[in-house]
Amino acid sequence: MKQLIIFILLNFNCLGFSQVELSGKIVSAKDGSIPSQDIIVEIKKLSKHTWADSLGNFKFTKLDKNTKYLISFTSFQFGTLEIPFETNEMDIITKVFELKANCEYNIDSALSDWKNKKAKLLIIGSIAPLADTKLDKKFERKYKIDYFDFGCTPAPSDCIKEYNEKVFELLDKKYGKEWRKNVRKDVEYLN
């Protein structure tokens with residue numbers, strides 16, 4: 001009888017308190033691509049965190065069933081985004097999280113900057129960005145545009161790409177392809 005009670009209690013414990021594993025994948029909401037930079041993933045309620053791997057995959061174990069969580073994603077590419085997530089009765093949940101960068105620099109800001117003669121060519125530098133040379137200043141005057149180096153704290157890369165590609169298009173339209181021969185080679189996303 002004692003063994004039967006222990007068996008029942010163990011099975012009840014396993015059934016009543018089983019936990020969930022979340023196998024997540026991160027992709028860009030813009031184009032479905034895998035993020036190109038490291039992303040820290042955190043479950044706020046539990047203060048659990050991990051890194052997404054190079055394919056955008058991450059995993060959390062020992063989550064409670066039928067529970068709401070807030071998952072935070074932090075990277076240079078997307079900034080910090082929080083997405084609500086709720087577990088269900090399944091033991092293993094596979095979910096794709098589409099992240100959309102919060103962009104200060106985008107197509108609209110590129111068009112606005114161009115119209116207001118404040119357009120920039122965006123550069124991701126480092127702790128010690130390169131100083132503008134005389135040739136850089138000459139280029140800026142000739143094409144009425146400024147180089148802007150973020151240093152080591154860039155905007156999300158999706159945003160930089162969107163902004164710069166629109167500015168490239170506008171420069172091509174106004175000046176032809178000639179400007180491309182003299183532009184700095186560290187301008188992001190220049191083909």
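So, helices α2 (residues 107-115) and α4 (residues 157-175): their axes come within 8 Å and cross at roughly 40°. Helices here are DSSP runs of H or I, at least four residues, numbered from the N terminus. The axes are lines fitted to C-alpha atoms over the stretch in contact, with angles from 0 to 180 degrees between N-to-C directions.

Bear in mind that this is a predicted model, where local features need pLDDT of at least 70, side-chain atom pairs count only at pLDDT 80 or more, and totals for chains, interfaces and linings use all residues. Residues are numbered from 1 along each chain as its sequence is written, and side-chain values use heavy atoms, leaving out hydrogens and water.

Okay, who touches whom? With contact meaning heavy atoms within 4.5 Å, α2 brings residues including Ile107, Leu111 and Trp114, and these face a group in α4 with Tyr163, Val167 and Leu170 among them. By class, that contact has 9 nonpolar, 1 polar and 4 charged residues. Nonpolar covers Ala, Val, Leu, Ile, Met, Phe, Trp, Tyr, Cys and Pro; charged is Asp, Glu, Lys and Arg; the others, Gly among them, are polar.

Technical notes. Helices (H or I, at least four residues) and strands (E, at least two) are DSSP runs, numbered from the N terminus.
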